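Welcome! Here is a short tour for anyone meeting this chain for the first time. Please take a look at the sequence and the model before reading on.

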Amino acid sequence: AFAATALLAACTSTPKNAYVINGTAGDGVEEGANVVLLNTATRDTMAVAQVANGAFTFNGTTDEVISAVAMIDRQHMAQVIVEPGTIAANLADRKATGTPLNNEMSAFMDAQKALYADENATDEQYTALLMDYYKRNEQNLIGESIWGDLVYELSYDEMVALLETAQPAVKENPRNEKMLNAKKAAQNTAVGQKFVDFPGITVDIKNPKNDGKQTSLAEIVAQ
């Protein structure tokens, strides 16, 4: 009897990779409205639930951490990191809590919102906030998400240094090469830097016979 009871308990226990998302729809949502759980990377629909008494629930299992959004429409949606555990999603607040990554993302969103509301906040404070949360989450989904904003605030050297220890998803971001090239060019042409010589062809409006001659920036500067 004991063996049978133990076997039944094992069969009915919650899998370690199970998640539950308990959601609050917010004001103005009709009873029975569909809530879609959407994978933000693939744009695939992961699940659909219906609003009942202002609430909804998603249940499932996941072997990986997934960036998702639970949404009814553009006014009722929340960013959700799907990971094992019990998650509370509030579509009015547009965020989720309850599990480690969702709590961390919620804290970041609150700090970001407070900075936006501060009329005396500086660009340096914003960069520092992004850098702080990026470094705390360098190897997870939050770090990958923040990288998209942080990269615009970095110098060429800072970006190169961070990419050395970045997670594969960040290193493989297709925008990196373009951003590095732009930052390198800006660094080379900054005030006080030596100019980068390059070849060109002359255009002489007064004397067209001189058009088309090979020249360079160095030659022009020397004149």
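Of the 223 residues in the chain, 33% are buried, where buried means under 20% relative accessible area, exposed over 50% and partly exposed in between, with a 1.4 Å probe and protein chains only. This is a predicted model, in which local features need pLDDT of at least 70 and side-chain atom pairs count only at pLDDT 80 or more, while totals for chains, interfaces and linings use all residues. Residues are numbered from 1 along each chain as its sequence is written, and side-chain values use heavy atoms, leaving out hydrogens and water.

The chain holds eight helices and 10 strands, taken as DSSP runs (helices H or I, at least four residues; strands E, at least two) and numbered from the N terminus. Among contacts with a separation of 6 or more, 43% join residues 24 or more positions apart; contact means heavy atoms within 4.5 Å.

Val29 gives an example from the loop between strand E1 (18-24) and strand E2 (34-39). Val29 touches Val51, Ile72 and His76, leaving aside residues up to four places away in sequence. Val29 and Ile72 lie 43 residues apart in sequence, yet their C-alpha atoms are 8.5 Å apart in space.

Now to the helices. Which way do H3 and H4 run relative to each other? The axes of helix H3 (residues 123-136) and H4 come within 9 Å and cross at roughly 155°, with axes fitted to C-alpha atoms over the stretch in contact and angles running from 0 to 180 degrees between N-to-C directions. H3 and H4 are therefore roughly antiparallel, the word for angles over 145 degrees. Residues of H3 including Tyr126, Leu130 and Tyr134 take part in the meeting with H4, whose residues there include Ile146 and Trp147.

Two further helices each show a buried set:

| Helix | Buried residues | Packs against |
|---|---|---|
| H5 | Met159, Leu162, Leu163 | H3, H4, H6, H7 |
| H7 | Asn176, Met179, Leu180, Lys183 | H4, H5, H6 |

Seen down the axis of H7, its buried residues fall within an arc of 100°, so they line one face of the helix; the arc is that of the directions from the helix axis to the C-beta atoms. On the other side of H7, Glu177, Lys178 and Asn181 are exposed. The 13 residues of H7 (residues 176-188) should span 18 Å at 1.5 Å a residue, and the end C-alpha atoms are 18 Å apart, which agrees; the expected span is 1.5 Å times one less than the number of residues.

Methods:
Parallel < 35°, antiparallel > 145°, perpendicular 65-115°, else oblique.
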